[in-house]
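Hi,

Here is the structure I promised to pass on. Please open it first, then read my notes below.

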Amino acid sequence: MADSFPLNPVRKNSKLITYYNSARHSRYSLEDEPSNLDEMPLMMSEEGFENDESDYQTLPRARVNRRQRGLGWFLCGGWRVLCGSCFDCLVRVFRRKKILKARTVWLGCPEKCEEKYPKNGIKNQKYNVFTFVPGVLYQQFKFFLNLYFLVVACSQFVPSLKIGYLYTYWAPLGFVMAVTMAREAVDEVRRYQRDKEMNSQLYSKLTVRGKIQVKSSDIQVGDLIIVEKNQRIPADMIFMRTSEKNGSCFIRTDQLDGETDWKLKVAVGCTQRLPAVGDLFSISAYVYAQKPQLDIHSFEGNFTREDADPQVHESLNIENTLWASTVVASGTVIGVVIYTGKETRSVLNTSFAKNKVGLLDLELNRLTKALFLAQVVLSVVMIALQGFVGPWFRNLFRFIVLFSYIIPISLRVNLDMGKSAYGWMIMKDENIPGTVVRTSTIPEELGRVVYLLTDKTGTLTQNEMIFKRLHLGTVSYGTDTMDEIQSLMVQSYAPVTSQTSTSVPSVPSGTTPLRKTQQSGPKVRKSVSSRVHEAVKAIALCHNVTPVYETHASVNGEPESAEADQDFSDDNRTYQASSPDEVALVRWTESVGLTLVNRDLASLQLRTPSGQILSFYILQIFPFTSESKRMGIILREESTGDITFYMKGADVAMASIVQYNDWLEEECGNMAREGLRTLVVSKKSLSEEQYQDFENRYNQAKLSIHDRGLKVAAVVESLEREMELLCLTGVEDQLQADVRPTLELLRNAGIKIWMLTGDKLETATCIAKSSHLVSRSQDIHVFRPISSRGEAHLELNAFRRKHDCALVISGDSLEVCLSYYEHEFVELACQCPAVVCCRCSPTQKAQIVRLLAQHTSNRTCAIGDGGNDVSMIQAAHCGIGIEGKEGKQASLAADFSITQFKHIGRLLMVHGRNSYKRSAALGQFVMHRGMIISAMQAVFSSVFFFASVPLYQGFLMVGYATIYTMFPVFSLVLDQDVKPEMALLYPELYKDLTKGRSLSFKTFLIWVLISVYQGGILMYGALVLFESEFVHVVAISFTALILTELLMVALTIRTWHWLMVVAEFSSLGCYLASLAFLNEYFGIGRVSLGAFLDLSFITTWPFLWKVSAITLVSCLPLYIIKYLKRKFSPPSYSKLSS
């Protein structure tokens, strides 16, 4: 059956038909799918793929891996899953999720709302006054390590279990908790202040009685809100009215979708035409809005005015909306609020920050559980050897407390201090200035990254477009020959000054007369001059760009005074459009002499090099869509009445529309290889009759209820035939500094890079090539648009046959794939050297990050610079924000903030490596420090008839973990195995880190063996060599222990730093001084048994040589083993450093 299924989906001829059909049905509807797809292997037939061994035998692989749930599962973490499920059920019962519905909103009448809608306040806090202490304590004690210390500390309140002084247990625990709570409290207060500042911003609200001031948090659905220029839009609104005469305004959306270009928004015609603002309350009108949803690029609704006869109905789309968190860039706007608070697009697209826990912390947590198990086993062995006599149960607990040093509380303190030190080092690194560490708990994650997910615009690119190439078929102009175009333009418009406006053979409208004169003579090709002139004119007219003139004086709101204050000089003009490519093209036409000086919804004006103003009426605009991949405009020239249809678009869309030529495909390929974004420009002259016929059919299609999109597309397509090819343009999106070497460095380090962008497919592919994210020799598989399960099935098979090729997929296709074949898609995509996802929404970016983390169990790192990247940054194990043109939102939400993309190389290769290696060494050494003393305690207890008596008293134990060994052990945070230059020169060294070999059960067992060996030697050595001076066993063994620890630190260090030497000698000095002053602590047992330390004894030769001998026996073998290992099996980094 599988073999008979076709490998390629049978599509209808027109791509548009497939698109519009799919839009009609639900994207995931299953009615039209064969019911037996589930039984079918994803690979269609084995004959076609003999070479491929890893075949999908069953479709949903996840089903096969479903585990049997038994007692083992329950004990190994199942209890946590069950508790979590019960808790979630309770939350659902007590806080039922509100079902979102479509709504009818009456203008200026919030009281008419049928339902209660959420408050418009912003809330980013994690806790409130009541939940802060329980919340922070839960976050700390959910870790086994901290919970264990709490239980041990509490046990000391029971007299029969008390081993030492209470302060030896409670002081370190209290210190750790106090520091954690203080840090959380500071963060929480900052969040509260930021929220309060946003919520208390004042806005003008229109009421029947006039304007009143309201706080942002008090705005309700149905309110009419006035938003001034450069003010943030407080809630999702429908655009009712503006101070601009043309009934439109610009908004900045960089904090919503990451795009820096201004978007043109259009007011509802019915309300814009009202004579005065107050008339909004004299009409009876309402807005019908669809239910709140995630998609920021679409909206469906209707505006209805009831009191008119007949009723006025206007359909509303995305152009009539003002989403929250965007900023008004021109004029003053009035809007009616339709969604507030949690239902706004910006909040729906924001995922809440989670507490990130590093992989190293989780690994250490597992090791502490293993140590606890060893501790219990050791205690049981002691009781068993004792013969279970007397109150053995109480003695068992005493032994567990006695061996509690196996898991030292200083582990948490040392690691937290180490993390702070790494953060400080990163911020002080002069090679990456401006870097900020915002989450100090996960610097080690930088050393374990396998997947890097990056935004495109503003992260890899500067988002600055520069016009680079104009190709006319026979002649090509580059940046160095643009002055030729300028002189040709001046020539072609020169006759205008000496002729009357009625006979203009050479004005822009004169393109038609020019052609006629040429055709009247012998049939010759057009001159280069006239072709350049036509091409430049077409580029200057075919776009959606609006020139904006800044007002200099502060204006009080009246549009008349605003007009008077405006400066229409060239210096004060900026261009705004939804695409930076279009702005680059219009800027270029200005540079060669044809300037766009004015534009509104119905007309536009150009200024020629001679200063003459040419006016054109805009008859129709066909905007760019990702499906059509082209935009068109029909203009009527004011002076001549000529109607011309201009069109520009991607070469794939335009190739079949323009007249036959032999150069377009080849030149497009050449430009794409240079990393240029290409656009094909064409035109068609229309007669009055042709246009009227088109307009009638077009308007009729726009009014149809069924298949409106399909009918409109068919009418427009009737015009798009045999168009005259004018030129091919090439625009470059400049890359950030050193993007190519940085991406190459990351690739060599074994990091797989995925580019997630909201941009168009062609643009994303172009940047992937120019940045060398995809190497020149690599194939690119572009995933075709799919809308159903069957199409996804076939397209995945087509992709599976490709080997070692980069994948390019759009957000819509990705969503369909993930809804049916999540596991298969992720598995295939992970095998690609690079993946580009275009047209991704913010939530899709976060979803991809989470999928990679779940399916691969590898560490992910996300990097972006806009508000639309926040969800992705927060979802990744490690989020990096770039402070860019798109604001600071990403930088503030990230764990690490950098100023340039190239800094990520040093951040990962050098600081990531050092943080991980140092923390692994520090964590294991602190454990070793606890295990060695527990081994000595075990030997001591076994010699003294298994008595549960501590070997060292409270103060000695506190001193051992702090003043005697803390500084040398903590100085390991300065250690480095390779120099920074070497780590950057050989990024392949980074691959070793991702395998996690620096901290594993293997390395941990080696440290356990070292601790048992050294603890045994120190204790037995002290007992054997000092049999006659038995009362001094504490002083002898403790001195040997301190010396051994200092020597072990020296053995662990790979690169010496002067602070390490200072730490070693100062700790030794402190210990020797304390021998003189704290002699009463060096007795046996809780009471010293009168055995005070004899100062005269420790200065004798026997004491000195015997301590030295014990220390030598405990350390020398380890030094010899280390030397032999370095000689015969050196690690990769040592080969380089030598």
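Which residue in strand 22 is the bridge partner of Arg607? It is Ile613. Keep in mind that this is a predicted model.

**The sheet**

Strand 21 (residues 603–607) and strand 22 (residues 613–622) pair in the antiparallel sense, over five bridges. Both sit in an open sheet of nine strands, with the order 17-16-26-25-24-23-22-21-20. The pairing is antiparallel. Strand 17 (476–477) and strand 20 (595–599) stand at the edges. Each has a single partner strand, so one side of each is left without a neighbour in the sheet.

**Helices on the sheet**

Helix 17 (residues 580–591) lies across several strands, including strand 16 and strand 20. Helix 17 runs at about 50 degrees to strand 16. Helix 19 (residues 664–673) packs on the sheet too. Helix 19 touches strand 16, strand 25 and strand 26, and its direction makes about 10 degrees with that of strand 26.

**The cores**

The largest nonpolar core has 91 residues. Ile904 is one of those with the most contacts inside it. Helix 29 (residues 903–943) gives the most to this core: twelve residues. Apart from it lies another core, of 43 residues, among them Met482 and Met631.

**A bent helix**

Look at helix 25 (residues 811–830) last. Helix 25 has 20 residues, yet its end C-alpha atoms are only 17 Å apart. A straight helix would reach 28 Å. Helix 25 bends by about 120 degrees at Tyr821. It is also mostly covered, with 15 of its 20 residues buried.

Best wishes

Technical notes. Residues numbered from 1 in each chain as written. Predicted model: local features only at pLDDT ≥ 70, side-chain atom pairs only at ≥ 80, totals over all residues. Heavy atoms only, no water. Helix = DSSP H or I, 4+ residues; strand = E, 2+ residues; numbered from the N terminus. Expected span 1.5 Å × (residues − 1). Bend = angle between axes of the 7 residues up to and from the residue. Buried < 20%, exposed > 50% of the residue type's maximum accessible area, 1.4 Å probe, protein only. Pairing = 2+ DSSP bridges. Contact = heavy atoms within 4.5 Å. Axes fitted to C-alpha atoms, helices over the stretch in contact; angles between N-to-C directions. Core = buried A, V, L, I, M, F, W, Y, C linked by side-chain atoms within 4.5 Å.
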